[in-house]
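Here are my notes on this model, as numbered points. Please read them with the structure open.

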Amino acid sequence: MVKVIRRNEFEDVKKAGVAVVDFSATWCNPCRMLAPVMEELSDEYAGAVEFYNCDVDENGDLASEYGITSIPAIIIFKEGKATAKTVGFQPKANMKSFIDANK
Amino acid sequence: MYDIAIVGTGPAGISAAITAKIRNKSIILFGSRTLSDKMRKAHLIENYPGFYHVTGEQLADSLSRHLEQMGIEITEKRVGAVYTFDDRFSLSAGQDIIDAKTVIIAGGIVNGRPIKGEEEFLGRGVSYCATCDGFLYKGKKVAVVGASEDAPAEAEFLSEICSEVLYFPAGEKLPKEAANIKVIKEKPAEIKGSMKADTLITDSGEYKTDCIFVLRDAVSPGTLVPGIELDGPHIKVNLQMETNLPGLFACGDIAGTPYQYIKAAGQGNTAALSAVRYLGKKQ
Ligand SMILES: Cc1cc2nc3c(=O)[nH]c(=O)nc-3n(C[C@H](O)[C@H](O)[C@H](O)COP(=O)(O)OP(=O)(O)OC[C@H]3O[C@@H](n4cnc5c(N)ncnc54)[C@H](O)[C@@H]3O)c2cc1C
């Protein structure tokens, strides 16, 4: 399951061993397309990687803290530190390789 | 859900549509009723078998008739992106999303080189899509390089969100007058910045902005199909016109040189037959 970041959930991201955060918005087409891909990946990586969705309209502060200028932006956090970032929709296989290479 | 979605109405896309239709597949063909400027603008064509010494107009008109006679319709929409999923593809065209089991990309090649710095800053202060990224620049100042049919309308859309829109027209059409749209008739030359792009430099000025929207009709293949494997400026294909994405095929100029009508048409035919075979295997 992809968890939605509202306010305090970002603390969980920082505590997780590996977390994948999808910065997106409801009005963005590629974001909407990516959502089901992330949902499927969150099941495939259940127990190993945590998945979050961060709405940039509701979390403007987080979006600017992590330098989000185009969405969807996917950031991998390891032990609370942002270690890798990719921008834009990607097919599941490509997103999987990105996560595997950086987790 | 369509069996085959075809993007492009040059000789490659038309040939693919004809073969797919003969094979009784449900198809949707995206492009333009005038088919292809590259065809219309050719002065004289000497090397298309069966049509010696015809003008581009004549060849285009006979291809149009061929489509009509077979009852193949053209959907006059531009495909902005093709999204790949495990079981299907979703094509976004304007506000619509159309699903298909296979896709044939036959959009020709992009003319015109990117602005210096454009690709480097893509996703970092440079955007190709006003409706995707516009809201990120609520209340901010943006620049629009208007080189597409829809660019004026997209600039108007941005003017409702952003505090100021600097519009650099490449064509004749301009956005409707508005207090916060400023039309600047200068030629964009370079995009500069550090972490992210923040300056558009033209042949005679320099403009600070929060984002530069570069809006063109033809998007590069990598932007059109996220995840596609490229070979230089082209989509990488094998002799079956298969790409790295199973179920997605490419043909014509976008699949590599030589740039020729008959080669495009031949590859379109191959792509359609490959799509038909792929559909057969899936069932
Ligand atoms: C002046 C000139 C003369 C030429 N003379 C000859 C000649 O004599 N002999 C010869 O063999 N070749 C000639 N060529 C080359 C020939 O034009 C091309 O090789 C051929 O047109 C390629 O066909 P295509 O189907 O791949 O793409 P194109 O003909 O470029 O057609 C692509 C079509 O797809 C549409 N499209 C693109 N992206 C999208 C999208 N996202 N959504 C919807 N629609 C889209 C485009 O608008 C366009 O209409 C000439 C070219 C030019 C410019």
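1. Start with the interface. Chain B and chain A together bury about 1,600 Å². Of that area, 63% is on carbon and sulfur atoms. Keep in mind that this is a predicted model.

2. Who takes part? Chain B brings 21 residues to the contact, and chain A brings 17 residues.

3. Polar links across the interface come next. Three residue pairs are in polar contact between chain B and chain A, with both residues at pLDDT 80 or more. The rule also finds one salt bridge across this interface. Lys92(A) and Asp86(B) form a salt bridge, and their closest N and O atoms are 3.0 Å apart. Side chains of opposite charge can pair when their charged atoms come close.

4. Now the side of chain B that touches chain A. Strand E4 (79-84) and helix H4 (130-133) of chain B are the elements that give two or more residues to this side. H4(B) gives the most, with three residues. By class, this side of chain B has nine nonpolar, seven polar and five charged residues.

5. Turn to the ligand. Which residues come nearest to the ligand? They are Leu35(B), Ser36(B), Val79(B), Asp253(B) and Tyr261(B), out of 28 residues around the ligand. By class, the shell has 14 nonpolar, ten polar and four charged residues.

6. For Ser36(B), an N or O atom in the side chain is 2.8 Å from a ligand oxygen. For Asp253(B), the distance from a ligand oxygen to an N or O atom in the side chain is 2.8 Å.

7. How much of the ligand does the protein bury? Taken alone, the ligand exposes 990 Å², and the protein buries 81% of that. Helix H1 (11-22) and helix H7 (261-282) of chain B are the elements that give two or more residues to the shell.

8. Last, salt bridges in the whole structure. Over all chains there are 17. One links the side chains of Lys3(A) and Glu50(A), at 2.6 Å from N to O. Lys3(A) sits in strand E1 (residues 2-5) of chain A and Glu50(A) in strand E3 (residues 50-55) of chain A, so this pair ties together parts that are 47 residues apart in sequence.

Technical notes: Residues are numbered from 1 along each chain as its sequence is written. Chains are lettered from A and ligands numbered from 1 in the order in which they are written. This is a predicted model: local features need pLDDT of at least 70, side-chain atom pairs count only at pLDDT 80 or more; totals for chains, interfaces and linings use all residues. Side-chain values use heavy atoms; hydrogens and water are left out. A residue is near a molecule or strand if one of its heavy atoms lies within 4 Å of it. A polar contact is a pair of N or O atoms within 3.5 Å; within protein, one must be able to donate a hydrogen and the other to accept it, and residues adjacent in sequence count only if both atoms are side-chain atoms. Accessible areas come from the Shrake-Rupley method with a 1.4 Å probe; for residues, only the protein chains shown count as cover. Helices (H or I, at least four residues) and strands (E, at least two) are DSSP runs, numbered from the N terminus. Ala, Val, Leu, Ile, Met, Phe, Trp, Tyr, Cys and Pro count as nonpolar, Asp, Glu, Lys and Arg as charged, and the others, Gly among them, as polar. Contact means heavy atoms within 4.5 Å. Buried area is the accessible area (1.4 Å probe) that two parts lose on being put together, summed over both. A salt bridge is a side-chain nitrogen of Lys or Arg within 4 Å of a carboxyl oxygen of Asp or Glu.
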